Structures are given as structure tokens and as C-alpha cells.
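Visitor: I have a structure open on my screen and would like to learn how to read it. Could you take me through some of its features?

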Amino acid sequence: MLSAKSAEVVEATLPVVGAAIGDITPIFYDRLFAAHPELLRDLFNRGNQANGTQREALAGSIAAFATALLAHPDQRPDAMLARIAHKHVSVGIGDDQYKVVHEHLFAAIVEVLGEAVTPEVAAAWDEVYWLMANALIAVEDRLRAEVAAGGDPADLWRPYTVVARHQETEAVTTYLVRPADGGPVPAFRPGQYVSVRTELTDGAHQIRQYSLSGSADGALRFSVKREDGGEVSSHLHDHLKAGDTIELAPPLGDIALADGDGPVLLASAGIGNTPMTAMLDHLAATGSTRRIVSVHGDRDQLSHAFRADLARLTTALPNATSHVFYEQPLGEWPAERTGRVDLSTVEVPAGATAYLCGPLPFLRAVREQLLTAGVPAADIHYEVFGPDLWLGA
Ligand SMILES: Cc1cc2nc3c(=O)[nH]c(=O)nc-3n(C[C@H](O)[C@H](O)[C@H](O)COP(=O)(O)OP(=O)(O)OC[C@H]3O[C@@H](n4cnc5c(N)ncnc54)[C@H](O)[C@@H]3O)c2cc1C
Ligand code: HEM
């Protein structure tokens, strides 16, 4: 909980700090990477650094945390912390690194705001930083202990052998991987992702997340869409083949299908159907009788990965319906299913819990349609295939 004195100072300076955050974060990252070039090469996603999304996400989260603290001093914004903590553990961040980030973040704040950062202002924002950092550290320590013995971030990485690889569509490749030491695959909740650490041709070790699309024959399954100009997805498509070894962190991620018997709505677009495929797979494997509505949007039949799995799984589930929208369908296709996903022609069951995954414009549109259909915001969960820019905030 923020002290009363700091709360007053943070409230008074939040507009100034908030307005300057866009200037502070590039300076912070430049300072951080100048002092520790290995962090950009081997830890941070340099694609997200280049396109700016991670910078926006960090800035947004600190401002959102401070705002939440002022509005509800006794509550922690757990959902936001959980998302960041799962990502941090998955990429192998250690508690000691919070001091390093603190040093460079505060140097950047002073550089941008100058004399406005009086000792009183610095102390108040220091308190916000450490409240957030300590809350994250507590969640991360607990998570790490759950997923890896020893709790050392370096112990998270485990070699896996690629046992099979196949092409889902022209752009999407599926990999089946098993622990190289012959041990069992770790348990995961449908919807969770693994981080994959790859050595690229320039020697950098870059990390990316891939949602598990299921498991089969004692192997984990993930599927990668080749991104135009994307470093890791292209590298995996071009080089990773059956028999190769790859490093994976344990399954993590706060968005996962909750147990229960209530209705479920799964809505995805493009490669966003990887977590949905794992969820359907799990529901079918456990003989679920839940009411399930699956909605998916893609460009056409050929670009639609897991098309056959979707048909098989929704047929196997006794209370499932599937609605597929194609923007440019090949051949005959119903007019009301042509174009982008539109929930106005889909029956959303009362009391449904919704899981969404796809590009940001899709998430925004579908979330809006669900809210209009009367689904409470708290029952709409979404996964973003990049830093979360707090679209739901
Ligand atoms: C939780 C989670 C789950 C995910 N699950 C999946 C999944 O199941 N399947 C899947 O395929 N992906 C998934 N992703 C996305 C995946 O992690 C990668 O982001 C994706 O594969 C692209 O990585 P890349 O290295 O190929 O692209 P990057 O090199 O990281 O590039 C990303 C984007 O930034 C652009 N970019 C790169 N450099 C610059 C520059 N200098 N200036 C401007 N723009 C630039 C690229 O053109 C590209 O559009 C998931 C992501 C998350 C966070
Ligand atoms: C209070 C301090 C911190 C805050 C508020 C913070 C915030 C964030 C946020 C919001 C994300 C994006 C989560 C998502 O939506 O996926 C993120 C990811 C990340 N953070 Fe932090 N973070 C903090 C500390 C640290 C530290 C100490 C490190 C280690 C040097 C670190 C390294 C990373 C990395 C590597 C990612 C993944 C980024 C990517 O791959 O693009 N963070 N953090």
C-alpha cells in the first residue's frame, strides 16, 4: 500500500510523469542497453524494441499501476501483475535485475524531468516502483518454484528434441517436441504458451513465445506462422527440422481455460487459433458436455490452419458449434460467413466465458460485440501475441 505522503505527491505529479513517459522510456532503454548490451541481444525481444511495442507496454503498465494504486490503495491490480509476471518468468528474469532496471529508469526520469524531480518526488515514485517490483517479484518467485526445481531463472531452459514437423498451411509450421533427456513433458493448462530460445545466425539468443496448440504422443505441440521480416519465425521455418534440439521454458501464461461446466465462447483470427485448438483438444479429450461456441476468422480456406482439427474436434464435442468466417472464401461459402468475424449472426450463450486471441483490431471489435451482447467485461479474457498495450483498460 502506498504511504499517504507518497500518494499525495504521486497524484500531483502523475499527469506530468504520464505525459513524459513517452520521452522517458526510449532514454531508459537506451541507457539500459548501453550498460548491458547482452540484455538486448539475449533477453529482450529486439523485434518489439525495433517496432516500439514493448516500450509502450512498460510505460503503460507503470502509469496504470500508479493510477490503480491511487484509486484503490488497498488493492493490487492482480490481473495486470499476473500477465507481466508470467512473461517475466517465461523469459528467465531474475529478482536482482529489478535493481538494474530501477537504476536506469530513474536516471532517465531525472534526465527528462530535470529539476522537477525533487527528493520528495523521487522518493514517492521510488515507492511506486518498488511496490510494483516487489509485487512482481513475489508472484514470479512463486511461479518459478511451481514450474522449475531450484527456482534459478537459468534452470528454466530445457533442451527439447523436435520429433516431427509438418506444414499446416503455406505460412504455418507445426513442431512436436519432447524433452531431450527422455523425461515426461510438463503439464500445461490449455491456453498457455512456451518461450522458445533460439540462436540466430549473428550469435544472438532471441526468445519468442508460442502458444501450445496441444500435446500428442508424449510431445508438446506448437505452431509458428512465418512473419514477414520476422527474425525468429523465419529462422524456425528455414532451419528447425526433425531431430534438431531447441531450448524451451516451461508452459506459462495467465490466460487458460478455466475448469467448470458453464458455456464457453472461443473466438480467434488467423494464427490466434493456436490456444483455441489446445482448449478444444482438452475439452474433447475430457469428454466435455459444455456448451461451446467456436468462432474463427481467416483469409480463406487455404490460410486457415487447423481447419481439419476444428471440424474433427467440434464434431466430437456433443454441444459444440463452429462458425468460420472467410474474408475471401474459395468457392461456395455462405454470405453471412463471408467477411470479418461478426457476432451479430452468432448465438452467444447466456453466462458464457469468452476467450479471444488474434490481432489487436480483431480483439477490440470482438470484445465490443461481446459487451454489446451483454457478456460482462470480467468474463472476456484475451491473449495478445505481443506486448499487451492494455486495450481492455
Ligand atoms: C503469449 C504469446 C503467444 C504467442 N503464440 C504464438 C503462436 O502460437 N504462433 C505464432 O506464430 N506466434 C505466436 N506468438 C508471436 C511470436 O511470439 C512472435 O512474436 C512471432 O513469431 C514473430 O516473431 P519474429 O521473431 O518472427 O518477428 P520479429 O523479428 O520479432 O518482428 C515482429 C514484428 O516487428 C516487425 N519489425 C521487426 N524489425 C522492425 C523494425 N526495425 N522496424 C519496424 N518493425 C520491425 C516485423 O516486421 C514483425 O512484423 C505469440 C506471442 C505471445 C506474446
Ligand atoms: C517494475 C518493473 C517492471 C515493469 C513494470 C515491467 C513491465 C513489463 C511489461 C508491461 C511487459 C510486457 C508484458 C506483456 O504484455 O507481455 C514486460 C515484459 C518484459 N520485461 Fe519487464 N517490467 C519490469 C521489470 C523488468 C526487469 C527487471 C527486466 C529484466 C531486465 C524486465 C524484462 C522484460 C522482458 C525481457 C520482457 C519481455 C519483453 C519482450 O520480449 O518484448 N522487466 N515487462
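**Salt bridges, rings and a ligand shell**

Guide: Helices (H or I, at least four residues) and strands (E, at least two) are DSSP runs, numbered from the N terminus. Before we go on, this is a predicted model, in which local features need pLDDT of at least 70, side-chain atom pairs count only at pLDDT 80 or more, and totals for chains, interfaces and linings use all residues. Residues are numbered from 1 along each chain as its sequence is written, chains are lettered from A and ligands numbered from 1 in the order in which they are written, and side-chain values use heavy atoms, with hydrogens and water left out.

Visitor: What do D309 and R312 form, and how far apart are the closest N and O atoms?

Guide: Side chains of opposite charge can pair when their charged atoms come close. The term salt bridge is used for a side-chain nitrogen of Lys or Arg within 4 Å of a carboxyl oxygen of Asp or Glu. D309 and R312 form one, with their closest N and O atoms 3.3 Å apart.

Visitor: Is D309 buried or exposed?

Guide: Buried means under 20% relative accessible area, exposed over 50%, and partly exposed in between (1.4 Å probe, protein chains only). D309 has 14% relative accessibility, so it counts as buried, while R312, at 48%, is partly exposed.

Visitor: How many salt bridges does a search of the whole structure find?

Guide: The search finds 17. One of them joins the side chains of D238 and R226, at 2.7 Å from N to O. That pair links distant parts of the chain: D238 sits in helix α8 (residues 231-239) and R226 in the loop between β5 (219-225) and α8, 12 residues apart. D238 is partly exposed at 48% relative accessibility, and R226 is partly exposed at 34%. Another salt bridge brings together the side chains of D300 and R299, 3.3 Å from N to O. Here D300 is buried at 7%, whereas R299 is partly exposed at 45%.

Visitor: How do I read aromatic pairs?

Guide: A pair of aromatic rings is described by the distance of the centres and the angle of the planes. Rings of Phe, Tyr and Trp (its six-membered ring) pair if their centres lie within 6.5 Å; planes under 30 degrees apart count as stacked, over 60 as edge-to-face and the rest as tilted. A search of the whole structure finds nine such pairs. For Y210 and F222, the centres are 6.0 Å apart and the planes at 20°, so this pair is stacked. It also links distant parts of the chain, with Y210 in strand β4 (residues 205-216) and F222 in strand β5, 12 residues apart. Y210 and F222 are both buried.

Visitor: And what about the ligand?

Guide: Around ligand 2 there are 22 residues, of which R83, K87, H88, I93 and D388 come nearest; a residue is near if one of its heavy atoms lies within 4 Å. An oxygen atom of ligand 2 is 2.4 Å from an N or O atom in the side chain of K87. Elements giving two or more residues to this shell are α4 (53-71), α5 (78-91), α6 (97-113) and α7 (119-147). For the side chain of R83, the distance from an N or O atom to a ligand 2 oxygen is 2.8 Å.

How values were computed. A polar contact is a pair of N or O atoms within 3.5 Å; within protein, one must be able to donate a hydrogen and the other to accept it, and residues adjacent in sequence count only if both atoms are side-chain atoms.
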